[in-house]
Each structure stands twice: as structure tokens, then as C-alpha cells.
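Here is a brief report on a protein model. It covers the sheet, the helix and the aromatic rings.

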Amino acid sequence: MADATIGSILLASTHPDRLRDWYTAAFSPKVERTPGEPGYDVLDFDGFYIMLDRRDDVGDTNPEPGRVLLNVEVTDARAAAHRIDELGATWLSPLEDRDGSWFGTAVDPDGNYVQIIQLSAQARAEMS
């Protein structure tokens, strides 16, 4: 058993408000703001947190987005893909059915890869 857990990730951005708005519209996480200035937004994905921080040591877009993919498990992948389409996002890999599970990889406004996942009941059972 591991003696540590990973509970969050920090996304540095030159436009964190744009990312907050995109992720909120796409997935409806709870949004909080840290106290103090400069604060940052915290997106709560059911206990996993994405912190959005304004940084001036990063570019406007991610030059190597394939290094880290955010895997977002959803209950309705087609509905999530529709919301992402309405945001005008680009798809690296369009949503597709893979043996009853749904996968697709969208690109957020900063160029990060966001993989949408809806596992089938069978796939979930096999993981248990």
C-alpha cells in the first residue's frame, strides 16, 4: 500500500479565468477561490482538485500537451462531448465507443489534453 496519495494537480496558465470557465461549462465542478491575493481557483471534481494559477513563467499554450492527460470520468460521455463541442473545443481524438466504454480526447483553451472516459459496467467490474 502506498504511503502517499495524489489529490490534486496545479494547472499554470496565463489565462486561468478562461480555463476555469471552460472546465466549469464542460464538467460542472464545484468552484472555490483560495483566500488572499493573489489567490487561485480550485475546481473540485468529487474530491480531486484542479488548482488554476496565473503564472508568468509559462506560455499561452502547452508546447507538449501529450506529457500529461487529464482523465475525466463522466457518467454520460455523449452529453459531456456535446458540451465540449458547444464550447468550440478541438478534438485530438473524437469520442468513440470502445467495447461499450466511451473515450475521447479534447483540447482545452491552453492546449492541454483532456480525456473523457465513461467506462462500461463490465469494464468497471473487471477493474474490481
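The sections below take the basis of the model, then the strands, then the helix and rings.

## Basis

This is a predicted model: local features need pLDDT of at least 70, side-chain atom pairs count only at pLDDT 80 or more, and totals for chains, interfaces and linings use all residues. Residues are numbered from 1 along each chain as its sequence is written, and side-chain values use heavy atoms, without hydrogens and water.

## Sheet

Four strands form an open sheet in the order 1-4-3-2, with mixed pairing. Strands are DSSP E runs of at least two residues, helices H or I runs of at least four, numbered from the N terminus. Pairing takes at least two DSSP bridges between two strands. Strand 1 (8-13) and strand 2 (30-33) are the edges, each pairing on one side only. Neighbouring strands are turned by 25° against each other on average, direction ignored.

Strands 2 and 3 (residues 41-45) run antiparallel, joined by four bridges. Arg33 stands opposite Asp41 in strand 3.

## Helix

Helix 1 (residues 16-27) lies across strand 1, strand 2, strand 3 and strand 4 (48-54). Contact means heavy atoms within 4.5 Å. The helix runs at about 20° to strand 3. Axes are lines fitted to C-alpha atoms, for helices over the stretch in contact; angles run from 0 to 180 degrees between N-to-C directions.

## Aromatic rings

Rings of Phe, Tyr and Trp (its six-membered ring) pair if their centres lie within 6.5 Å; planes under 30 degrees apart are stacked, over 60 edge-to-face, the rest tilted. The count comes to four aromatic pairs. Trp22 and Tyr23 are edge-to-face, because their ring centres are 4.9 Å apart and their planes at 80°. Tyr23 and Phe27 are tilted, with centres 6.3 Å apart and planes at 35°.

Ring pairs link Trp22, Tyr23, Phe27 and Phe45 into a cluster. Phe27 is buried at 13% relative accessible area (buried is under 20%, exposed over 50%, partly exposed in between; 1.4 Å probe, protein chains only).
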